[in-house]
Amino acid sequence: MAPDTCPPSSEPTLSFTQGLILGQLSVVLVLAAFIKFFIFGDPPSPDATASLRATERRSRTLAHKRSLLSLRSAKDRQGQALNRKKSTVLRIPPVLTIGSILSKTYYNVDSHQPESLDWFNVLVAQTIAQFRSDAQHDDAILNSLSKALNGSSRPDFVDEIRVTELSLGEDFPILSNCRIIPVDEDGLSISNGKRFDPVTAARDGTRLQARMDVDLSDMLTLAVETKLLLNYPKKLSAVLPVALAVSVVRFSGTLSISFIPSNSAQSTPTMMRFNFLDDYRLDFSIRSLLGSRSRLQDVPKIAQLVEARLHRWFDERAVEPRFQEIALPSLWPRKKNTRGPDDSMADGNSTITRSRSKEIGRDLREEARKDETERDQGPSLRLRRRGREDDDFQMPGSLPNL
């Protein structure tokens with residue numbers, strides 16, 4: 001009987017040392033590829049990035065317009081009558097339509113040339129200059145930014161954020177090429193190459209919208225410092241210092257402004273609605289610094305992430321189809337809001353009256369004091385002389401010794 005023989009075992013083709021070396025090399029290659037292409041990769045050109053973002057915004061706007069057109073009803077919009085008593089004294093004006101406004105202001109939306117806004121630029125520049133001056137007083141804007149950055153929304157892995165640089169710029173935005181166009185209730189342009197029809201506009205609830213070009217070339221900078229905290233497996237396992245500086249170097253776009261009339265039935269005030277069209281361009285300059293000893297400076301991927309987040313924040317708030325609405329106060333003149341030279345004159349007159357009354361009171365006290373002194377000293381010399389003259393007094397025309 002043949003003895004039992006064990007089958008020969010297959011020996012591994014690689015030894016433990018060779019496998020360890022191969023694994024380490026794989027990790028190094030993956031890490032090198034990550035650093036090369038993710039961290040130090042060349043970012044796309046600003047023009048290519050801006051074009052790509054503009055294409056995405058345009059496609060989003062077109063999709064929104066298609067959805068509005070598909071949901072829009074074919075019924076004619078009829079205004080609801082107000083259920084309140086009409087005044088018999090107040091004269092009821094004729095119904096004000098877009099066509100009547102344009103005709104009374106001599107504005108033709110089809111042929112009117114765009115207007116410059118030089119006078120408005122001066123007013124805006126004065127407002128911004130005053131805002132910058134007020135922001136520097138007592139570090140008001142610095143304290144507000146510090147509170148906002150270190151609020152409840154700050155994540156746990158981020159240490160306290162400290163503002164290291166803040167610049168509000170030196171230049172001012174330039175607005176130009178202002179034109180008035182009719183839009184529907186959803187803010188969509190209704191021209192489409194056709195001439196404006198006042199009758200159709202009044203029936204469809206059309207309103208007027210002002211569009212103007214905005215251009216700003218400046219350096220608005222915000223620089224912060226913080227630390228990224230690693231709290232696993234235990235608290236403060238690692239700390240990574242981070243410094244970031246974001247600057248807005250240029251903004252150009254189209255601003256649209258329209259007014260929404262008040263509605264007494266719904267108790268809504270007059271609103272001003274504004275937003276930017278999707279063809280805007282916003283350029284940033286982002287600087288970064290990571291680490292304490294071995295520092296990584298101006299990492300391209302960090303700049304791309306920060307810029308994409310800022311663009312998304314702006315798109316979600318003020319780029320069509322989204323918009324901002326501001327309630328306007330009542331423009332009816334009120335006495336409590338009146339200011340002018342009469343107020344200063346009244347204040348001056350009241351001051352003069354008070355000072356004059358003080359002088360009169362002072363004179364009266366001095367005269368009273370003199371009278372008391374004269375009474376204490378007895379009859380005066382004038383009174384004594386008058387007494388002697390009274391003894392020798394003779395009536396004119398009388399005979400002597402009579």
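**Entry 1: an arginine to start**

I looked up arginine 179, and at 23% relative accessibility it counts as partly exposed. My cut-offs: buried is under 20% relative accessible area, exposed is over 50%, and partly exposed is in between (1.4 Å probe, protein chains only). Before going on, I noted that this is a predicted model, where local features need pLDDT of at least 70, side-chain atom pairs count only at pLDDT 80 or more, and totals for chains, interfaces and linings use all residues. Residues are numbered from 1 along each chain as its sequence is written, and side-chain values use heavy atoms, with hydrogens and water left out.

**Entry 2: its partner**

Which residue forms a salt bridge with arginine 179? I found aspartate 213, with the closest N and O atoms 3.3 Å apart. Aspartate 213 sits in strand S3 and arginine 179 in strand S2 (residues 174–183), so this pair ties together parts that are 34 residues apart in sequence. Aspartate 213 is partly exposed too, with a relative accessible area of 25%. For the record, a salt bridge here is a side-chain nitrogen of Lys or Arg within 4 Å of a carboxyl oxygen of Asp or Glu. Helices (H or I, at least four residues) and strands (E, at least two) are DSSP runs, numbered from the N terminus.

**Entry 3: other salt bridges**

By the salt-bridge rule, I get a count of 11. One of them joins the side chains of glutamate 225 and arginine 162, at 2.6 Å from N to O. That pair links distant parts of the chain: glutamate 225 belongs to strand S3 (residues 207–230), arginine 162 to strand S1 (residues 162–167), and they are 63 residues apart. Glutamate 225 is partly exposed at a relative accessible area of 34%, and arginine 162 is partly exposed at 48%.

I also checked glutamate 316 and arginine 317, whose side chains meet in a salt bridge at 4.0 Å, N to O. Glutamate 316 counts as partly exposed at 42% relative accessibility, and arginine 317 is partly exposed at 36%.

**Entry 4: glutamate 307**

Is glutamate 307 buried or exposed? I have it as buried, because its relative accessible area is 19%. Its place is helix H7 (residues 300–318). Leaving out residues up to four places away in sequence, glutamate 307 touches Arg53, Leu282, Phe284 and Ile286. Contact means heavy atoms within 4.5 Å.

**Entry 5: lysine 65**

Next I went to helix H2 (residues 46–71), where lysine 65 lies. Lysine 65 is partly exposed, with a relative accessible area of 24%. Not counting residues up to four places away in sequence, its contacts are Arg58 and Leu188.

**Entry 6: a nonpolar patch**

Leu31, Phe34 and Ile35 make a nonpolar surface patch of about 260 Å². Patches are made of residues with over 30% relative accessible area and no salt bridge; like charges are joined within 9 Å, nonpolar side chains (Val, Leu, Ile, Met, Phe, Trp, Tyr) within 5 Å. I placed isoleucine 35 in helix H1 (residues 16–39), and it is partly exposed at 33% relative accessibility.

**Entry 7: the chain overall**

I list nine helices and eight strands for the protein chain. Of its 402 residues, 22% count as buried. Among contacts with a separation of 6 or more, residues 24 or more positions apart account for 73%.

Conventions: Areas by Shrake-Rupley, 256 points an atom, 1.4 Å probe, with all protein chains shown as cover.
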